[in-house]
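Have a look at it first.

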Amino acid sequence: GTKTIHTPYSKNKTIMRKIFSLFAALTLSVGLWAANSVITFTSTSKLYPGNLNELMDDAMMGDGAKWAAFKAQFPEFADLRDPFELERMGVGFFNPNAFLDANDQVLGYTYNYDDATKTGTITFAGELVTIKDGGFDNSAFLYNESLTSITLPEGLVKIGICTFYGCRNLTTVNIPASLTTIGDDAFDDCYSLTSINFATGSQLTTIGMYAFNACGALATITIPASVTNIGWVAFRWCTSLTDVYVAWTTTLPTLGDEVFDGTPVSTATLHVPVGTKALYQNADQWKDFSSIVEYDPLADIKTAAIAAVNAEIDETDNDNVKAIATDAATAINAATSVAEINALKTLAIAAITSAKAAYTAGETAGYTAGETAGDAAGYQRAQDELPTDAADATGAVVIIKKGDKTLKLVNPDSVEYDKQ
């Protein structure tokens with residue numbers, strides 16, 4: 001499709017159309033990742049490095065050395081009799097050995113927590129690529145009931161098995177575009193989880209078995225179009241689920257058995273791309289949704305892009321500059337991919353910036369040219385009116401210099417002028 005944006009000082013829009021066509025054909029995928037990855041989170045209390053199950057096993061069957069070492073490291077627990085009291089207190093743990101770089105090496109980290117705001121960070125000494133597979137004794141945030149929200153960093157590729165298993169007060173998870181795999185049981189039994197936010201441009205391909213099993217508070221889920229495999233009972237017993245948004249238009253993902261087992265698909269709504277309703281009505285498991293409605297999967301992205309363009313315009317701008325935003329909105333609404341939307345947004349903002357600069361430069365040049373022309377005309381008129389012989393004039397002769405011009409005013413008392 002041809003996209004058109006007005007540009008000031010030119011009636012020929014061919015170049016702009018070509019630029020839009022070029023941008024629409026490109027896929028922009030740029031990763032701007034920091035050298036040190038950072039997990040940000042909120043929690044009801046400070047999180048501690050270690051493994052609660054390991055401490056409890058040590059207290060029951062071992063010699064208590066691990067429990068003694070833990071209390072020595074964190075003296076606030078020195079008076080506790082055993083690690084079972086930590087469980088009763090709801091103390092949250094994270095496993096520092098679960099965070100790996102691209103070479104599967106454990107990353108060093110620094111930890112900060114602000115008790116006043118209940119916010120914290122885990123900053124790694126390098127890029128976090130994998131949260132490794134765990135089990136019911138060593139996964140990254142196993143049974144962490146202090147954790148309430150978490151934002152995972154761009155660059156992360158895999159959330160391993162059981163990573164957040166049993167995080168029963170976790171409500172919000174922000175997942176980066178770089179993530180490709182959510183492992184089995186990754187969010188199993190997170191029954192307070194209400195928001196799973198996938199970043200724009202998600203590269204997620206795999207949702208493992210039981211990945212969101214028993215997420216009983218989850219009402220809405222948007223599954224990225226990049227997903228090709230959804231495991232067995234991945235969304236089992238999501239008993240509050242009312243809306244599922246998908247974006248596949250031709251090839252549907254491979255589904256394990258009973259993906260939505262125990263989930264009320266008979267009352268939930270499946271939202272599918274415009275023109276694809278029949279595809280889902282005839283597809284295994286998807287057809288079990290009693291309500292299937294069509295929508296534009298890119299609507300929110302388009303709205304945000306148009307808002308970003310409009311933010312560059314103010315009331316004082318020239319009409320030609322404002323017209324760029326109008327044309328950009330039309331082009332963005334007609335876009336068919338995230339890459340095209342982002343390209344159009346970027347181009348429109350650049351065009352507005354350029355147009356504003358050109359308008360300002362033109363206005364300044366016009367003012368300067370007018371002022372110079374006025375000076376020249378006034379100077380000539382004054383020279384024409386000067387007497388041929390200065391001695392014939394009455395009154396003082398005033399010399400006014402402006403730049404390289406000299407203007408002589410005879411009988412200045414009869415002439416209004418600014419002595420400054």
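## Two helices in contact

Glu-54, Leu-55 and Asp-58 of helix α2 meet Ala-65, Lys-66, Trp-67 and Phe-70 of α3, where contact means heavy atoms within 4.5 Å. Sorted by type, the residues of this α2–α3 contact come out as 4 nonpolar, no polar and 3 charged.

As for geometry, the axes of α2 (residues 52–61) and α3 (residues 65–73) come within 7 Å and cross at roughly 125°. That makes α2 oblique to α3. Angles under 35 degrees count as roughly parallel, over 145 as roughly antiparallel, 65 to 115 as roughly perpendicular, and the rest as oblique. The axes are lines fitted to C-alpha atoms, for helices over the stretch in contact, with angles from 0 to 180 degrees between N-to-C directions.

## What you're looking at

This is a predicted model: local features need pLDDT of at least 70 and side-chain atom pairs count only at pLDDT 80 or more, while totals for chains, interfaces and linings use all residues. Residues are numbered from 1 along each chain as its sequence is written, and side-chain values use heavy atoms, leaving out hydrogens and water.

Helices (H or I, at least four residues) and strands (E, at least two) are DSSP runs, numbered from the N terminus.

## The sheets

Within it, β13 (residues 206–207) and β15 (residues 229–230) run parallel, joined by 2 bridges, and Ile-207 stands opposite Ile-230 in β15.

Another open sheet is built from 6 strands, ordered β5-β6-β1-β8-β10-β12, again with mixed pairing. Its twist averages 15° from one strand to the next. Here β8 (residues 147–151) and β10 (residues 172–175) run parallel with 3 bridges between them; Thr-151 has Asn-174 in β10 as its bridge partner.

## Cysteines

How many disulfides does a search of the whole structure find? It finds 0, taking a disulfide as a pair of cysteine sulfur atoms within 2.5 Å. The sulfur of Cys-190 is 5.1 Å from the closest cysteine sulfur, in Cys-167, which is too far for a bond.

Cys-190 is buried at 0% relative accessibility, and Cys-162 is buried too, at 3% relative accessible area. Buried means under 20% relative accessible area, exposed over 50%, and partly exposed in between (1.4 Å probe, protein chains only).

Definitions and conventions: Ala, Val, Leu, Ile, Met, Phe, Trp, Tyr, Cys and Pro count as nonpolar, Asp, Glu, Lys and Arg as charged, and the others, Gly among them, as polar. Two strands pair if DSSP finds at least two bridges between them.
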